[in-house]
Amino acid sequence: MQIGILYSRIRKDEKLLLSELRERGHDVTKIDVRKHQFGLDGTTAPVDDLDVVVDRCLATSRSLYATRFIESYGVPVVNSSETAEICADKAKNSLALAEAGVRTPETKVAFTKESAMEAIEAFGYPCVLKPVVGSWGRLMAKIDSRSAAEAILEHKATLGHYEHKVFYVQEFVEKPGRDIRVLATDGEPVAAMTRSSEHWLTNAAKGGETEEFELDDEALELVKKASDAVGGGLLGVDLMETGDSYTVHEVNHTVEFKALNEATEVDVPAVVVDWLESKATEKTAAEAVV
Amino acid sequence: MTEAECAECGATLDLADDLETGEIIDCGTCGAELEVIDVNPPVLERAPELEEDWGE
């Protein structure tokens with residue numbers, strides 16, 4: 001198949017994908033979004049003959065716009081701009097999960113310091129304040145007291161980008177020192193791992209220790225529902241254990257999987273490429289019908 | 001294994017054979033993040049700084 005990789009940085013994840021695609025003899029076109037223009041009637045990017053484009057943009061803003069433009073040229077993109085739009089924004093992500101009936105932490109969004117403080121006080125301490133856009137656990141605050149809340153809100157309002165003036169306040173979930181990352185393709189799990197840390201943030205990017213995790217029936221169903229809620233695709237679904245159940249706190253759309261690949265026996269890039277091949281086949285079949 | 005020069009400190013870096021344009025390399029001498037601009041021959045430049053909206 002003819003496959004495009006949309007990127008602005010090649011991380012180990014992209015190298016794993018590129019390697020697998022080339023080993024299988026696919027024709028790979030790397031598209032550095034920094035070097036192209038995207039117009040209403042076409043782009044300088046070489047997308048015309050591609051069966052599918054995989055969005056691996058590190059920058060959320062680039063991911064959102066480039067995928068939308070490429071779709072407008074009639075080229076399928078994974079993940080779709082619709083999925084990216086929901087997953088890139090924690091508030092939209094939470095709404096999509098709640099609307100689909102997926103259990104997710106209680107969340108409030110406020111637009112002023114005063115209103116955010118009311119939300120924080122209503123949650124009680126500790127609670128969590130997150131940027132609506134961001135990753136790798138950056139600028140996440142666990143708020144333990146009113147004085148800490150006042151300081152953080154003041155800093156965000158004064159120093160932040162306008163998106164940091166959208167205050168996303170969430171209940172603090174007492175998880176058992178770990179959370180669960182599931183990589184899934186259209187809701188079908190590829191593999192899952194726990195990320196453990198003594199720190200309240202357990203992200204692999206923050207140094208959380210990883211271990212393969214076997215999903216039970218409830219988790220499998222949640223992953224499928226969470227994937228459907230955001231429009232499907234190649235996704236990282238993050239769950240936390242809450243006693244005998246789970247809560248889904250986030251679905252990631254340009255998911256990193258190098259840590260998972262090392263934690264599991266599953267050949268993650270191989271399964272992902274299997275799925276990409278099925279996507280390209282769907283496109284070919286659709287064209288044959290037309 | 002090929003070699004290239006760090007754009008920050010000038011140290012010589014040993015690079016893997018499967019180098020990709022767009023890949024980020026850390027200089028073992030000065031710690032700078034370097035982006036692979038070309039692979040044949042390898043050319044390295046200082047990588048762009050991370051921004052808040054970067055990541056998964």
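Here are some friendly questions and answers about a predicted model with chains A and B.

User: Before we start, how is this model numbered, and which pLDDT do local features need?
Analyst: Residues count from 1 along each chain as its sequence is written, while chains are lettered from A and ligands numbered from 1 in the order in which they are written. Side-chain values use heavy atoms, without hydrogens and water, and in this predicted model side-chain atom pairs count only at pLDDT 80 or more, totals for chains, interfaces and linings use all residues, and local features need pLDDT of at least 70.

User: Thanks! How many helices and strands does chain A have?
Analyst: Helices are DSSP runs of H or I with at least four residues, strands are runs of E with at least two, and both are numbered from the N terminus. On that basis, chain A has nine helices and 15 strands.

User: What radius of gyration does chain A have, next to that of a compact globule?
Analyst: The radius is taken over C-alpha atoms, and the globule rule is 2.2 Å times the number of residues to the power 0.38. For 290 residues the rule gives a value near 19 Å, so chain A agrees with it at 20 Å.

User: And what share of chain A is buried?
Analyst: Buried means under 20% relative accessible area, exposed means over 50%, and partly exposed is in between (1.4 Å probe, protein chains only). Of the 290 residues in chain A, the buried share is 54%.

User: Is A:Glu241 buried or exposed, and which side chain does its own side chain meet in a polar contact?
Analyst: A:Glu241 sits in strand S14, residues 234-242 of chain A. Its relative accessibility is 13%, so A:Glu241 counts as buried. A polar contact is a pair of N or O atoms within 3.5 Å; within protein, one must be able to donate a hydrogen and the other to accept it, and residues adjacent in sequence count only if both atoms are side-chain atoms. At 2.7 Å, the partner of the A:Glu241 side chain is that of A:Arg178.

User: Where is A:Met117, and how far in space is it from A:Arg146?
Analyst: A:Met117 belongs to helix H5 (residues 113-123) of chain A and counts as buried because its relative accessibility is 9%. Contact means heavy atoms within 4.5 Å, and beyond residues up to four places away in sequence, A:Met117 touches several residues, including A:Tyr125 and A:Arg146. A:Met117 and A:Arg146 are 29 residues apart in sequence, and from C-alpha to C-alpha their distance is 8.3 Å.

User: What is the omega of the cis peptide bond from B:Asn40 to B:Pro41?
Analyst: Most peptide bonds are trans. B:Pro41 lies in the loop between strand S4 (33-39) and strand S5 (42-46) of chain B. The bond from B:Asn40 to B:Pro41 is cis, with omega near 0 degrees.

User: Which phi does A:Leu139 have, and is this residue buried or exposed?
Analyst: Most residues other than glycine have a negative phi. A:Leu139, in the loop between S8 and strand S9 (141-143) of chain A, has a positive phi near 60 degrees. With 55% relative accessibility, A:Leu139 counts as exposed.

User: Finally, in what order do the elements of chain B run?
Analyst: Chain B has zero helices and five strands. From the N terminus on, the order is β-β-β-β-β.
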